[in-house]
Amino acid sequence: MDSRALKQFVVLAENLHFGRASETSHVSPSALSRSIRRLEAEVGVTLFERNNRSVSLTRAGSLFLSYARESLGLWDSIRNELMEESGELHGEISIYCSVTASYSFLFDILTRFRHDHPHVEIKLHTGDPEDAIARILAGEEDIAIGAKPLRLQAGLAFRLIEFSPLVFISSRSHPAPNLSDWSENPMILSERGLARRRADEWFRALGVQPRIYAQVAGNEAIVSMVSLGFGVGVVPRIVLDNSPLSQTIRVLDVKPRLDDYEVGLFALEKRLASPLIKAIWSQLR
């Protein structure tokens, strides 16, 4: 039975939503629907009850889900064994990271990886780095680049790439902010994630209620708004160093400093035995 179809079935069974499942499987909803219909025709039973409002597994679908997971696990095991035996890696690996990480970290990693393993297909997805861990835990990606949280969730593996300071920034073309009275400074902060939590904790420790001008998704957007003079931002230094707007930005000498970002690779611990993931992991020397 086609392992790709089994994977799509498992993703749909876990999401019970054609839109989300098709996005995770990187196919259109109509292509996913056709794949499921072919699978149902092959096994001779209805696997999903679906209407305009909901999708649910039938009893047969629940039984088939156990088979599909077991089959995919066995397939991964034998494929890994065969690749290690042959010494040549094949297949595909999906990686998720921010745009900044794609050229500041991933370029060097993938340059070496492609040289060593030219037959592996790489699928790269970019977006908000705050989504990195969630995408790994949901099984949407094999590897992601992101900042290590204070506590790693069970089943999650992390490998450090480098430390990056978390810095306060303002526009060079506008007057320097008042560092003695933070309540006067309009702040541009991440709407969620590690940088936002650390900024909030920093202000609480000072006993200051920050004046938030904007809450945005993505560090690159913070740098853009700060460069235009809308306020003071908080971003990892690596984002600023790789930004085309870096010459328009000043880094503020703020005390106490925020804790550094630990930037690295994430993967599921149970997937570390995969030769493909091991090969990426080994690029970090």
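**Entry 1: terms and model**

Two strands pair if DSSP finds at least two bridges between them. The strands and helices that I list are DSSP runs (E, at least two residues, for strands; H or I, at least four, for helices), numbered from the N terminus. I worked from a predicted model, in which local features need pLDDT of at least 70 and side-chain atom pairs count only at pLDDT 80 or more, while totals for chains, interfaces and linings use all residues. Residues are numbered from 1 along each chain as its sequence is written, and side-chain values use heavy atoms, with hydrogens and water left out.

**Entry 2: the sheet with β12**

I looked up the strand order and found an open sheet of 5 strands, β4-β3-β5-β12-β6, with mixed pairing. I noted β4 (120-126) and β6 (156-164) as its edge strands, each of them pairing on one side only. Direction ignored, neighbouring strands are turned by 20° against each other on average.

Strand β6 is joined to strand β12 (residues 261-268) by 8 bridges, and the two run antiparallel. Within this pair I located Glu-162, whose bridge partner in β12 is Val-263.

Which strands does α5 lie across? I recorded β3 (91-97), β4, β5 (143-147), β6 and β12. Helix α5 runs at about 175° to β4 (angles run from 0 to 180 degrees between N-to-C directions, with axes fitted to C-alpha atoms, for helices over the stretch in contact).

**Entry 3: the nonpolar cores**

I looked for nonpolar cores, that is, buried Ala, Val, Leu, Ile, Met, Phe, Trp, Tyr and Cys residues joined through side-chain atoms within 4.5 Å. The largest has 54 residues, and those with the most contacts inside it are Ile-143, Phe-168, Trp-182 and Ile-280. Helix α5 (residues 99-116) supplies the largest share of this core, 6 residues. Apart from it I found another core, of 18 residues, including Val-10, Ala-21, Leu-39 and Leu-47.

What does Ile-143 touch, not counting residues up to four places away in sequence? Among its contacts (heavy atoms within 4.5 Å) I listed Ile-93, Ile-95, Tyr-96, Leu-265, Phe-266, Ile-280 and Trp-281.

**Entry 4: Leu-110**

I placed Leu-110 in helix α5. Is Leu-110 buried or exposed? Leu-110 counts as buried because its relative accessibility is 15% (buried means under 20% relative accessible area, exposed over 50%, partly exposed in between, with a 1.4 Å probe and protein chains only). Residues up to four places away in sequence not being counted, Leu-110 touches Ile-95, Ile-122 and Ile-280. I also checked Val-43, which is 67 residues from Leu-110 along the chain; their C-alpha atoms are separated by 40 Å.

**Entry 5: the sheet with β8**

I traced another open sheet of 5 strands, in the order β9-β8-β10-β7-β11, with mixed pairing. Its edge strands are β9 and β11 (249-251), each pairing on one side only. From one strand to the next, the twist averages 35°.

I followed strand β8 (residues 186-190) to its partners. It runs parallel to strand β9 (residues 211-216), joined by 5 bridges, and there Ile-188 has Ala-214 of β9 as bridge partner. Strand β8 also runs parallel to strand β10 (residues 232-236), joined by 2 bridges. In this pair, Met-187 stands opposite Val-232 in β10.
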